[in-house]
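How is this chain put together, and how do individual residues sit within its fold?

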Amino acid sequence: MEDSPLEQLLAAIDALDVEAVMALVGPNPQFLVADGRRAAGVGEVRKLVTESFAALRSTTHRITAQWHVDDVWIAEIDADYELQDYLELKKLPRVLVLRTVEGASAHLRVY
């Protein structure tokens, strides 16, 4: 599924580019990340993304499986993180569920 909204979002995340992430979200985004933090609305999502990126030196996500039904995208992912203190976390399994509204990322859940 080339150029899926999930692939676009993960590319922006892997680039640690807050503005690229925000360019992909709609006017009323809602994010839930794996550590339980939640954000609703553009301002809160920007803050969550900015804080998350500040803790990272780099990140890489590899989609291992992906499904698309109507406006929902689901992906199984292996994630690698290098934190600011150089701690490396490799091949962490994740599941992302993304619902789009009018072509924009609206509701993201990371498990």
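In this predicted model, strand β5, which covers residues 88-101, is joined to strand β6, residues 104-110, by 6 bridges, and the two strands run antiparallel. Within this pairing, L96 stands opposite V110 of β6. Helix α1, made of residues 5-14, packs on the sheet to which these strands belong, where it touches β3, β4 (72-83), β5 and β6, and its direction makes about 175° with that of β3. A further helix, α3 (residues 42-54), also packs on the sheet, but its contacts are with β1 (25-32), β2 and β3, and its direction makes about 55° with that of β1.

The sheet itself is open and is formed by 6 strands in the order β2-β1-β6-β5-β4-β3, with mixed pairing. Its edges are β2 (38-40) and β3 (56-69), each of which pairs on one side only. Taken on average and with direction ignored, neighbouring strands of this sheet are turned by 20° against each other.

The hairpin of β3 and β4 has 2 residues between the strands, and D70 takes a positive phi near 55° in it.

The side chain of Q66 makes a polar contact, at 2.6 Å, with the side chain of S4.

V69 is likewise found in strand β3, yet its relative accessible area is 55%, and because exposed means over 50%, V69 counts as exposed. The C-alpha atoms of V69 and R37 are separated by 26 Å, the two residues being 32 residues apart along the chain.

D71 lies in the loop between β3 and β4, and with 30% relative accessibility it falls between the limits of 20% and 50%, so that it counts as partly exposed. When the neighbours within four places in sequence are left aside, D71 is in contact with L98, R99 and T100, residues that fall within the span 88-101 of strand β5. The C-alpha atoms of D71 and E102, which are 31 residues apart along the chain, are separated by 8.9 Å.

Seen as a whole, the protein chain has a secondary structure of 3 helices and 6 strands, and from the N terminus on its elements run α-α-β-β-α-β-β-β-β. The radius of gyration of the protein chain is 13 Å, close to the 13 Å that the globule rule gives for 111 residues, so the chain is as compact as a globular protein of that length. Along the principal axes, its C-alpha atoms fill a box of roughly 40 × 30 × 25 Å.

The burial and contacts of the chain complete this picture. Of the 111 residues in the protein chain, 40% are buried. Among contacts between residues at least 6 apart in sequence, 43% join residues at least 24 apart. The chain exposes about 6,300 Å², of which carbon and sulfur atoms supply 53%.

Conventions
Residues are numbered from 1 along each chain as its sequence is written. This is a predicted model: local features need pLDDT of at least 70, side-chain atom pairs count only at pLDDT 80 or more; totals for chains, interfaces and linings use all residues. Side-chain values use heavy atoms; hydrogens and water are left out. Two strands pair if DSSP finds at least two bridges between them. Helices (H or I, at least four residues) and strands (E, at least two) are DSSP runs, numbered from the N terminus. Axes are lines fitted to C-alpha atoms, for helices over the stretch in contact, and angles run from 0 to 180 degrees between N-to-C directions. Contact means heavy atoms within 4.5 Å. The radius of gyration is taken over C-alpha atoms; the globule rule is 2.2 Å times the number of residues to the power 0.38. Buried means under 20% relative accessible area, exposed over 50%, partly exposed in between (1.4 Å probe, protein chains only). Accessible areas come from the Shrake-Rupley method with a 1.4 Å probe; for residues, only the protein chains shown count as cover. A polar contact is a pair of N or O atoms within 3.5 Å; within protein, one must be able to donate a hydrogen and the other to accept it, and residues adjacent in sequence count only if both atoms are side-chain atoms.
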